[in-house]
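Take a moment with the sequence and the model before reading on.

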Amino acid sequence: MIEQRLNLVSTYYCRTTERVFKPEYFQEIAAMGHEIGYHYETLDKAKGDVEEAIKIFSQELNAFREFINIKTVCMHGNPFSPWLNSNIWNKYDFRDFGIIGEPYLSLDYKDVIYLTDTGRTWADKNIRVKDVIKDKDHQKNNLLIGNISTTDDIINLIKEEQYPRICLLAHPDRWHGHLIDWTGELILQNLKNIGKAGIIWYRKNKN
């Protein structure tokens, strides 16, 4: 793993989908020094029913904890779902489940730069439906770092050490090492991005 070679530590937020929920992989990644977190999408699964969503959350969290210690969680943001998964915490408190933090809720983004590869692009903010930070100070900070377009831009930003705190959200499956998979993911994400841009346009113009 590249991070292990570079002595870097990351948090891997994992879903409970059949393709992703592989406890043996969780344990292997954790043994390298990384954190495994729970990537919850329970309000989507409960179709907006908060009471049902929190039941699913508890069940899935316990399924993780049979194999690995979970300390933090992070919402999954399906852009085509009408629900925002983190809204379950408007009624409940994740700390009641022994969770110490949720990146979209627990970090003070006045002091943290937020960068994401949502839609397989660092630059196009017009296709970000849910992977956004609603913080005026954060938006002001992002203006300071200019237009981040490529991974090299991010590498240079980190090397400059001008910003000591950066929250970097990356989806490993967006960046396959094999050409066929890489091309397939590129096409798929571009098609999704068209739909996401349409959603954002509709929300801005519906009134």
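**From surface to core**

L6 counts as exposed, because its relative accessibility is 56%, and exposed means over 50%. Keep in mind that this is a predicted model. L6 sits in the loop between α1 (2-5) and β1 (11-14). Together with I2 and L8, L6 makes a nonpolar surface patch of about 310 Å².

Now go inside. Which residues touch the most other members of the largest nonpolar core? They are I36, Y38, Y40, F57, I70 and I88, out of 30 residues in that core. Two or more residues come from each of β1, α2 (23-31), β2 (35-40), α4 (50-65) and β3 (73-75). Helix α4 gives the most, with 6 residues. There is also a second, separate core of 7 residues. Among its members are L115, W122, I148 and Y163.

Look at F57 next. F57 is buried, with a relative accessible area of 0%. Leaving out residues up to four places away in sequence, F57 touches Y38, Y40, T42, V73, I88, W89 and F97. Several of these partners carry rings, so let us turn to ring pairs.

The count of aromatic pairs comes to 15. Take Y38 and F57. Their ring centres are 5.2 Å apart and their planes stand at 40 degrees, so this pair is tilted. Y38 belongs to strand β2 and F57 to helix α4, so the pair ties together parts that are 19 residues apart in sequence. Y38 is buried too, with a relative accessible area of 0%.

F57 also pairs with F97. Here the ring centres are 5.1 Å apart and the planes stand at 75 degrees, so the pair is edge-to-face. The cut-off for that label is over 60 degrees. F97 lies in the loop between β3 and α5 (103-106), and F57 lies in helix α4, so this pair ties together parts 40 residues apart in sequence. Ring pairs build up into a cluster that links F21, F26, Y38, Y40, F57, F64, F67, W89, F94 and F97.

Is Y109 buried or exposed? Y109 is buried, with a relative accessible area of 3%. Its place is in the loop between α5 and β4 (113-116). Y109 and R165 are 56 residues apart in sequence, yet their C-alpha atoms are 9.3 Å apart in space.

Charges come last. Side chains of opposite charge can pair when their charged atoms come close. How many salt bridges does the structure hold? It holds 4. One of them joins K45 and E60, with the closest N and O atoms 2.5 Å apart. K45 is in helix α3 (residues 42-45) and E60 is in helix α4, so the pair links distant parts of the chain, 15 residues apart. K45 is partly exposed at 40% relative accessible area, whereas E60 counts as buried at 12%.

K91 and E51 form another salt bridge, 2.2 Å from N to O. K91 lies in the loop between β3 and α5 and E51 in helix α4, so this pair ties together parts that are 40 residues apart in sequence. K91 is exposed, at 52%, and E51 is partly exposed, at 38%.

D93 and R95 also meet in a salt bridge, 3.0 Å from N to O. D93 is partly exposed, with a relative accessible area of 23%. R95 counts as exposed, at 58%.

Notes
Residues numbered from 1 in each chain as written. Predicted model: local features only at pLDDT ≥ 70, side-chain atom pairs only at ≥ 80, totals over all residues. Heavy atoms only, no water. Patch = residues over 30% accessible without salt bridge, like charges linked within 9 Å, V, L, I, M, F, W, Y side chains within 5 Å. Areas by Shrake-Rupley, 256 points an atom, 1.4 Å probe, with all protein chains shown as cover. Salt bridge = Lys/Arg side-chain N within 4 Å of Asp/Glu carboxyl O. Helix = DSSP H or I, 4+ residues; strand = E, 2+ residues; numbered from the N terminus. Buried < 20%, exposed > 50% of the residue type's maximum accessible area, 1.4 Å probe, protein only. Core = buried A, V, L, I, M, F, W, Y, C linked by side-chain atoms within 4.5 Å. Contact = heavy atoms within 4.5 Å. Phe/Tyr/Trp six-rings, centres within 6.5 Å; stacked < 30°, edge-to-face > 60°.
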